[in-house]
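Have a look at it first, and then we can go through a few points together.

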Amino acid sequence: MTHSAPPTEGKTPPGGPRRDEGPAPRPGILMGRLLGVPVYVSPSWFLVAVLVTFMFEGQVHDVVERPASYLVAFLYAVLLYGSVLVHEVSHAVTARVFGLPVKSVTLHVLGGETSIEREAPTPGREFLIAFAGPLVNLVLAGLGLLAHILLPLPDVAVLLVDALTFANLLVGVFNLLPGLPLDGGRLVRAAVWKITGRSRSGAIIAGWVGRGVAIATLVAGAFLATYGTGDGDDQNTGIGWLALLWSALIASFIWVGATHAIRAEHVRERIPLLSARRLARRATLVTADVPLAEAIRRAHDDHAGAIVIADHDGKPLGLVNEKAVTATPEHRRPWVSAGDLSRGIDDGLTLPVDISGEDLMEALRRAPAPEYLLIEPDGRVYGVLATTDIDRAFTGT
């Protein structure tokens, strides 16, 4: 399982800084709230549930007649993802104990994801949040083993308990593999962070280990598909190809997650270098009734890269949107007022000109927008900060 924050945290195969101008799309279908955390189910889960049902039904049919065997097999699929849900909730609960806000829990085709809004402040807390998920799965596997040994269960219950015990054992052990984005990668990150004092070094090392885990997963799937299917009859051959497909899917998931983690850390290294004053555009102040063509002419004469709407006393009232200006044809600009293409300046859109680094990024996350007004300590307008310029600073273009 994974749990994601800015950075991301943990994901679990079952049975195995974003800025925008609108609300983020929901990660799936909202199923309710657990301990105050919204729980979503991706539509891809239903596909996996059907697949698990048909794969497990063959075993169930040995002890339950059809069509009841399909119902029991589907119950296993639900219980399997129940184990995944418990895993993710353990991440969420541990994070909240340490005062970290949890955005959501999502179940999807490869297991689950817990979205945590901030990263852990210490390597010890990072370790505990990451370890909570696999620990719960291993405990569930142990309870399942005890139930098998100690309780007089009917045959169908034994089948379900044994299957869930194996699944939880597999999920717990798999997630302890030492590479991002798996929980084991978070443990590696925490350990390197503790030793070196640098969380980013830990994330980069864990990301590279995660790439190695992805390659190993693919190789293992290919080996099982080639040599692990018995006498080569059609049924075993089909199982072999399914194992290869599933391992390829998991390997790609791990590779992409590990690569994202490495790139995110390289991007994060540039954050302390960001300065609003250095990235700011000079602004031309005009009243709202000034034609757009005239406002552009004044900005050109002032060598300015932005237009600010102000009253007759020079008090800023709005920011003219650059994309709206670009989208307005030249022959229309004399007949469109600059105020028509502006948006009001809310508190979150006004920033001190000397803001920089993490403080700057946090301000942008709190109030996503294409432009921000920068103000000197004495209240004068210094200029405008455009998010496109920040993006270029990150990419080096």
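Which residue takes a positive phi in the hairpin of S3 and S4?

1. The hairpin. The residue is leucine 35, with a positive phi near 55°, and two residues lie between the strands. Strands here are DSSP runs of E with at least two residues, helices are runs of H or I with at least four, and both are numbered from the N terminus. S3 (residues 29-34) and S4 (residues 37-41) run antiparallel and are joined by five bridges; pairing requires that DSSP finds at least two bridges. Leucine 30 is opposite tyrosine 40 in S4.

2. How to read the model. This is a predicted model, in which local features need pLDDT of at least 70, side-chain atom pairs count only at pLDDT 80 or more, and totals for chains, interfaces and linings use all residues. Residues are numbered from 1 along each chain as its sequence is written, and side-chain values use heavy atoms, leaving out hydrogens and water.

3. Two helices that cross. Helix H1 (residues 43-60) and helix H4 (residues 155-175) have axes, lines fitted to C-alpha atoms over the stretch in contact, that come within 11 Å and cross at roughly 135°. In H1, Phe56, Gln59 and Val60 meet Leu159, Leu160 and Ala163 of H4, contact meaning heavy atoms within 4.5 Å.

4. Two spans. Residues 68-86 are 100% helix and 0% strand, with end C-alpha atoms 27 Å apart. Residues 157-182 are 73% helix and 0% strand, and their end C-alpha atoms lie 31 Å apart.

Definitions and conventions
Axes fitted to C-alpha atoms, helices over the stretch in contact; angles between N-to-C directions.
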